[in-house]
2 protein chains.
Amino acid sequence: MTMTTFIPPTRLLMGPGPSPVHWRVLSALARPTLGHLDPIFLSLMEEVKALLRYTFRTTNEMTLPISGPGSAGMEACFVNLVEPGDKVIVCRNGVFGTRMIEIVERCQGTPVVIDVPWGRAVPPERVAEAFQSHPDARILAFVHAETSTGVLTDAKSLCAIAQQHGALTIVDAVTSLGGVPLEVDGWGIDAVYSGTQKCLSCPPGLSPVSLNQRALEKVRLRKSKVQSWFLDLSLIMDYWAGEQRVYHHTAPVNAIYGLHEALLMLKQEGIKASWERHSRNHQALRSGLQSIGLDYLVPRDEQLPSLNAVNIPADIDDAAFRRAMYDRHEIEIGAGLGELAGKIWRIGLMGEGSRSSVVEWCLSCVDATVRTARDNTAAAA
Amino acid sequence: MTMTTFIPPTRLLMGPGPSPVHWRVLSALARPTLGHLDPIFLSLMEEVKALLRYTFRTTNEMTLPISGPGSAGMEACFVNLVEPGDKVIVCRNGVFGTRMIEIVERCQGTPVVIDVPWGRAVPPERVAEAFQSHPDARILAFVHAETSTGVLTDAKSLCAIAQQHGALTIVDAVTSLGGVPLEVDGWGIDAVYSGTQKCLSCPPGLSPVSLNQRALEKVRLRKSKVQSWFLDLSLIMDYWAGEQRVYHHTAPVNAIYGLHEALLMLKQEGIKASWERHSRNHQALRSGLQSIGLDYLVPRDEQLPSLNAVNIPADIDDAAFRRAMYDRHEIEIGAGLGELAGKIWRIGLMGEGSRSSVVEWCLSCVDATVRTARDNTAAAA
């Protein structure tokens, strides 16, 4: 195998993430590495925490990026909050709800599963019923924005129900943070995690999380140690916020430079302006795709603006279409996952990808690729 | 808090890691992000695995970077290999052995601890004795290169003893990989993990691991699921090497660009040439520090070339000295950890930091800072 320096091809990232990364963020990644205990790096960490609080719309002290991708943030929330024997109501309407159940089981919790058809939001009344049947449930977990289907669930209503029953909430905001309204304090979310490679337009590798005092109190009262040393939030917090800044693990310094710059750009735009931009560009993409004859998987009022799942027309070959989008147009769009594999395409409009010029270019390329596929089929017939 | 784009100060990183990162690696980090399932990125992953095999000196198929810092790689090895009730002999001669014990306990394993004074290598006879007392021990775990003390343990002999007793080995090679001889296949190491921010001179954030068939067979025969979903090697392997490349988590794409470039540079230099360079520059630093009057913590024949722990002279203030090295000379050196806090400085010569020009400059600055500290003390007296 002869190897040389890797030069990536040009790609417009319109899949389910990673999303396009702005040059300001790429440049930040390339700045010289500092030590993870350098006083100047510790100051940068303070800014990152403040910027994440702005983005999550919270005052939670425990707001920081976990040193791993979104799945690490998910696992961090569950392993810290779920104790053996805890009953956890988990809503499953896509791949990521399925993953939550898997993790609850590995924490020796007892999942109570609310199954919702993939492509539909979680109905609040189903959650209310689950709490009536399981009044001893201690946690409600659900996905705010399902990346596998493009569904947005009404997190505010679900959290209100959990609060009525004295349960904590764990919310997956991987594809919502920065792109759609998310009010961690306003909705009373107890624990939330996200990823950097969606609406924040950073490379993948970090997972912002935020936990409120109610959640931390449950962690504090645990009878057993958190099963993961790497993801033990008490130890992580000693490094990220303790007076002594006790070494836990070596923080991914350059990735944090990138996150800082991306969050700074988001603050400069304004979080509400970003939400509006994501909504506006989604509307334009939706109209355009429908004109081309592509239908959405998800009912309009449950649609997530940052991830657009469209049904693959019966006369178009899934893999060949996506390959043509790569090869001819240098655009990445996403395949379906799990039970939706082969049935949908997932088109992301996240962060830097949510721009009107991107929407127009994408529509033009999708249209051309659909026409070519149909012409080829006609010629072969 | 007014925030702007972060511009790090100039620092020569001579602590316990991160080490200085070459501009080729920094540039690689800043290349445009690809999707984690892009066929071209999948090809890059193949190259990274091949380069890691070269560096670990192994043919193990399961050789890949875990998507988190060294602590995540450590935890990955333990949570996959240790089943509840497994007896694990752990050698503790510094901070990282202590951490291993903590993780074994969280996996519900039973640690059998061999305590060795901090600053000394693990004597093979102590390991042989432990196996005699605990013939049912299933795993031996130890740190090849203790970053907290600068000690190199004879991994070859320890692995041979474990093999005689039919036990698996888990070896921490965080500060040895790339900088000192490490023969994963030659010594019969069953599971090994490392970090990117030491002798590989990458930013922190990834943890190369390698497991042989014997280790994977134990994982395959587990009675219970691995307690971490994020670090479940069977799932990770499906993404890194499976025919279908099943999505597990979103790989940290840009960090992997950086690792690829760093490993490529190491291969271009040659692994043995790198080992020799680390040894040569260590000898020069050692002579120079001794001329200044600084003594090593570790006996010469147990000394790790990549991390030099020297005793802090009684008349020099630890924190003030390190602060002066930062402020006046833009050099980071490391403090002592745990029971060695306030007693030693840790001077790293890792990867790009292991150069004769760096050694000379460092010696000159250490000498000047020691003299200034003593002059100040004399003036105050």
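Analyst: The C-alpha centres of domain 1 and domain 2 of chain A lie 28 Å apart. The domain assignment of chain A, which is automatic or taken from a database, gives residues 23-267 to domain 1 and residues 270-380 to domain 2. The model is predicted: local features need pLDDT of at least 70, side-chain atom pairs count only at pLDDT 80 or more, and totals for chains, interfaces and linings use all residues. Residues are numbered from 1 along each chain as its sequence is written, while chains are lettered from A and ligands numbered from 1 in the order in which they are written.

Where the two domains of chain A meet, 24 residues of domain 1 are in contact with 22 residues of domain 2; contact requires C-beta atoms, placed from the backbone, to lie within 7 Å. On the domain 1 side, H2 and strand E7 (151-152) of chain A are the elements that give two or more residues. Helices (H or I, at least four residues) and strands (E, at least two) are DSSP runs, numbered from the N terminus. By class, this side of domain 1 has 12 nonpolar, 10 polar and two charged residues. Nonpolar here covers Ala, Val, Leu, Ile, Met, Phe, Trp, Tyr, Cys and Pro; charged covers Asp, Glu, Lys and Arg; the others, Gly among them, are polar.

H2 (residues 39-56) and H9 (residues 253-269) of chain A pack at an angle of about 40 degrees, with their axes 9 Å apart. Such axes are lines fitted to C-alpha atoms, for helices over the stretch in contact, and angles run from 0 to 180 degrees between N-to-C directions. The angle makes H2(A) oblique to H9(A); under 35 degrees counts as roughly parallel, over 145 as roughly antiparallel, 65 to 115 as roughly perpendicular, and the rest as oblique. The crossing of H2(A) with H9(A) is left-handed, a label given when the near helix is turned anticlockwise from the far one by less than a right angle, with right-handed for clockwise. From H2(A), the residues in this contact include Phe41(A), Leu44(A), Val48(A) and Leu51(A), and those from H9(A) include Val253(A), Ile256(A), Leu259(A) and Leu263(A). Twelve residues of the contact between H2(A) and H9(A) are nonpolar, two are polar and two are charged.

Seven of the residues in the contact of H10(A) with H12(A) are nonpolar, three are polar and one is charged.

Strands of a sheet pair through backbone hydrogen bonds, either parallel or antiparallel. Four strands of chain A form an open sheet in the order E1-E12-E13-E11, with mixed pairing; two strands pair if DSSP finds at least two bridges between them. Strand E1 (12-14) and strand E11 (307-311) of chain A stand at the edges with a single partner strand each, so one side of each has no neighbour in the sheet. On average, neighbouring strands of this sheet are turned by 30 degrees against each other, direction ignored. E11(A) runs antiparallel to strand E13 (residues 344-348) of chain A, and five bridges join the two. Among the paired residues, Ala309(A) has Arg346(A) in E13(A) as its bridge partner.
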